[in-house]
Amino acid sequence: MAKLKDLEDYQEEINQCVKCGACRAHCPVFAAEKREGRVARGKVALCQALLTGDVKAEGKVLEDLSQCLLCGSCEAQCPNKVPTDEIVAAARRRIVEERGLTTVGTAVAALLSRPRLMNLAAKTSGALSNLLFKKIPEKSGLHLRFPAPYLEEGRTLPPLTAKPFRERVPEVIPGDPGRPTVAFFTGCGINYMYPEIGEALLKVLKFIGVTVIIPKDQVCCGLPAVSAGAGATVEALAAENLRALSRTPVDQIVTACASCSAGLGKIHPQMGEEYVVQGKKCIDIFVFLVQQGLAEKLAALPKAAKQTKVTWHDPCHLRTRGITKEPRQILASLPQVDFVEMAGAASCCGLGGTYSVYHYQHSKKIGAKKAANVKASGAALVATDCPGCIMQLQDSINHLGEQARAVHLLELVVAALPEE
Ligand code: SF4
Ligand code: SF4
């Protein structure tokens, strides 16, 4: 099976860190903690020391390496483009090889690598949601009724669905002749927590006549396993997705989740040519919609009488790969939206996969800044393009005691489309 890169494979990139410190200003963890071990150059130095054997994978070393959101913000600003997120992820895999998975890592790997178990767990939680959760203000999420391991009381969670998205829709939805055919890589967030985002995507693609294939046997992109250092799980999931997505020829593979887009477009391509080809086919939904001329179509619609103030949050996994313009273009063209930029739109929301499970207090601190920026913008809605960000943004907004809601931009696009 194709393998992800080892820590040794990053020696050249590690050597390129000149310790200039330019990354300090852009690391959300350093901004919250102000400790050198938290910033990219500190982590790169630790990884070098792990390679030479100058430090052992224990104690403070493990703590410092766990304090990374793998957001890639440092690489985007680094003069030498040192990929700290990839280096830290490789170090975590090496640590897991030496010491085994943590409790959370074991649970993540077990669930992700057994899609049937994951389906069952999601459906059971969905069916029992009234028992397990209590509703907090309408559409703002749920709170657990009692504390659970690694889930702090008061944390807002989205409801799990009793009927996952991929079970609600046919595998092929034909579009108009002569229009593109795309595969939809749904990801787990849409499949299990926010099926309405998947339904919105199908309505928008139907509006522009695109044929959609939703392979039933696709699995998780593996990002939570990347964060947990579960390398073998990531590799197995990537191989399954390669099989599922290459069965039927398509023009592109669309994603409506920034993390899935980074999984297929940035992380899996480390594993060889087939994955590079697949990564090049993978396209974020808003880049695709802009290419298909949807922004112009939306801008031509009559302005709505009631305008809603909406701001935009850049998911790190899109922003660090240069995707910032297209979602704004779509947002600004919506007839019912008064688009306002917020300060710090490009800063991380603080989720970071398993980071927010291990370090919820730090994650909350990072999220609090974002929620304050949403409040200062005066927006009633903060739109984004990542189920994980939606979950974290809503949690942060709720902690601030605000009424704003986090939504996926596709939900706003669907609301603007003319009635069929
Ligand atoms: S990671 Fe990049 S920005 Fe940070 S200290 Fe090293 S070279 Fe400078
Ligand atoms: S990947 Fe993100 S959290 Fe990790 S060191 Fe870089 S900027 Fe900081």
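1. The shell around ligand 2 divides into 9 nonpolar, 4 polar and 2 charged residues, where Ala, Val, Leu, Ile, Met, Phe, Trp, Tyr, Cys and Pro count as nonpolar, Asp, Glu, Lys and Arg as charged, and the others, Gly among them, as polar. Of these 15 residues, the nearest are Cys27, Cys68, Cys71, Ser73 and Cys74, a residue being near if its C-beta atom, placed from the backbone, lies within 6 Å of the molecule. At least two shell residues come from each of α2 (28-33), α3, α5 (73-77) and α6 (84-99); helices (H or I, at least four residues) and strands (E, at least two) are DSSP runs, numbered from the N terminus.

2. This is a predicted model, in which local features need pLDDT of at least 70 and side-chain atom pairs count only at pLDDT 80 or more, while totals for chains, interfaces and linings use all residues. Residues are numbered from 1 along each chain as its sequence is written, and chains are lettered from A and ligands numbered from 1 in the order in which they are written.

3. Ligand 1 is surrounded by 15 residues, with Cys17, Cys20, Cys23, Arg41 and Cys78 the closest. Its shell has 10 nonpolar, 3 polar and 2 charged residues, and helix α3 (residues 40-52) gives the most to it, with 3 residues.

4. Helices α3 and α6 pack with their axes 10 Å apart, at an angle of about 40° (axes are lines fitted to C-alpha atoms, for helices over the stretch in contact, and angles run from 0 to 180 degrees between N-to-C directions). That makes α3 oblique to α6, since angles under 35 degrees count as roughly parallel, over 145 as roughly antiparallel, 65 to 115 as roughly perpendicular and the rest as oblique. In this contact, Ala40, Lys43, Val44, Cys47 and Leu50 of α3 meet Thr84, Ile87, Val88 and Ala91 of α6, contact requiring C-beta atoms, placed from the backbone, within 7 Å. By class, the contact of α3 with α6 has 7 nonpolar, 1 polar and 1 charged residues.

5. An open sheet of 4 strands runs in the order β10-β9-β11-β12 with parallel pairing, two strands being paired if DSSP finds at least two bridges between them. Its edge strands, each pairing on one side only, are β10 (337-339) and β12 (405-408). Strands β9 (residues 308-312) and β11 (residues 381-384) pair in the parallel sense over 3 bridges, and leucine 381 in β11 is the bridge partner of valine 310. Helix α24 (residues 409-416) packs on the sheet, touching β9, β10, β11 and β12, and its direction makes about 75° with that of β12.

Methods:
Two residues are in contact if their C-beta atoms, placed from the backbone, lie within 7 Å.
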